[in-house]
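Here is a short briefing on one protein model. Look at the fold as a whole, then at the details below.

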Amino acid sequence: TLFRSGEIKTLLENHDYGYPVSVVRSFNASTKVFPRIVVRQINDMTSIRDANKELVSLLSFQIEIYTQDAVDATGKVVGRVDVSDDIAQQIDAVMYKQYKMNRDSVADDESYATDTARRIMRYSCAIDQFGYTYRIV
């Protein structure tokens with residue numbers, strides 16, 4: 001069975017980041033909840049992998065992290081970029097452990113807002129007909 005963005009959203013929701021993180025499927029600028037993670041599936045296509053006509057599904061996901069300065073579990077104030085770095089590293093670990101999915105790209109949107117850090121990460125993998133996940137090189 002193929003996983004979808006809803007399954008990844010649930011996986012990320014169930015992880016303890018050390019901050020009260022909100023995980024959503026679509027971005028709403030009027031919602032002022034930080035840190036916030038937005039999970040979107042950006043590609044789902046099937047292709048033939050080799051001469052055996054084996055079908056694989058190619059899946060790509062975009063995960064955006066929106067952070068502001070925050071207070072961690074110990075009561076220490078942490079700057080928004082450090083919060084973003086910390087959450088991004090945890091997402092990398094969770095995505096790899098659960099799906100063997102590596103990050104393809106990461107970008108920081110410097111122009112988003114002066115008080116909010118926005119990081120855009122993309123992950124992808126291939127899944128064969130038996131449910132095995134492969135890295136796309």
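**Overview**

The protein has 2 helices and 8 strands. Helices (H or I, at least four residues) and strands (E, at least two) are DSSP runs, numbered from the N terminus. This is a predicted model, in which local features need pLDDT of at least 70 and side-chain atom pairs count only at pLDDT 80 or more, while totals for chains, interfaces and linings use all residues. Residues are numbered from 1 along each chain as its sequence is written, and side-chain values use heavy atoms, with hydrogens and water left out.

**Overall build**

- From the N terminus on, the order of elements is α-β-β-β-β-β-α-β-β-β.
- The C-alpha trace spans about 55 × 30 × 25 Å along its principal axes.
- Of the 137 residues, 39% count as buried. Buried means under 20% relative accessible area, exposed means over 50%, and partly exposed lies in between (1.4 Å probe, protein chains only).
- Contact means heavy atoms within 4.5 Å. Among contacts with a separation of 6 or more, 55% come from residues 24 or more positions apart.
- The accessible surface comes to about 7,800 Å², and 49% of this surface belongs to carbon and sulfur atoms. Such areas come from the Shrake-Rupley method with a 1.4 Å probe; for residues, only the protein chains shown count as cover.

**The nonpolar core**

- In soluble globular proteins, nonpolar side chains tend to be buried together.
- A nonpolar core is a set of buried Ala, Val, Leu, Ile, Met, Phe, Trp, Tyr and Cys residues joined through side-chain atoms within 4.5 Å.
- The largest such core here has 25 residues. Those with the most contacts inside it are I8, L12, I37, I63, I87, I91 and M95.
- At least two core residues come from each of α1 (5–13), β2 (36–48), β3 (55–67), α2 (80–99) and β7 (117–128).
- Helix α2 gives the most to this core, with 7 residues.
- What does I63 touch, leaving aside its neighbours within four places in sequence? I63 is in contact with I8, L12, I37, V38, I91, M95, R119, I120, M121 and Y123.

**Aromatic pairs**

- A search of the whole structure finds 3 aromatic pairs. Rings of Phe, Tyr and Trp (its six-membered ring) pair if their centres lie within 6.5 Å; planes under 30 degrees apart count as stacked, over 60 as edge-to-face and the rest as tilted.
- The F27 and Y66 rings have centres 4.5 Å apart and planes at 20 degrees, so this pair is stacked.
- F27 lies in the loop between β1 (22–24) and β2, and Y66 lies in strand β3, so the pair ties together parts 39 residues apart in sequence.
- F27 is partly exposed, at 31% relative accessible area. Y66 counts as buried, at 2%.
- F27 also pairs with Y112, edge-to-face, at 6.3 Å centre to centre and 75 degrees between the planes.
- Y112 lies in the loop between β6 (102–108) and β7, so its pair with F27 ties together parts 85 residues apart in sequence. Y112 is partly exposed, at 30% relative accessibility.
- F27, Y66 and Y112 form one aromatic cluster.

**Backbone details**

- Most residues other than glycine have a negative phi, and most peptide bonds are trans.
- The peptide bond from F34 to P35 is cis, with omega near -10 degrees. P35 lies in the loop between β1 and β2.
- K100 is not a glycine, yet has a positive phi of about 55 degrees. K100 sits in the loop between α2 and β6.
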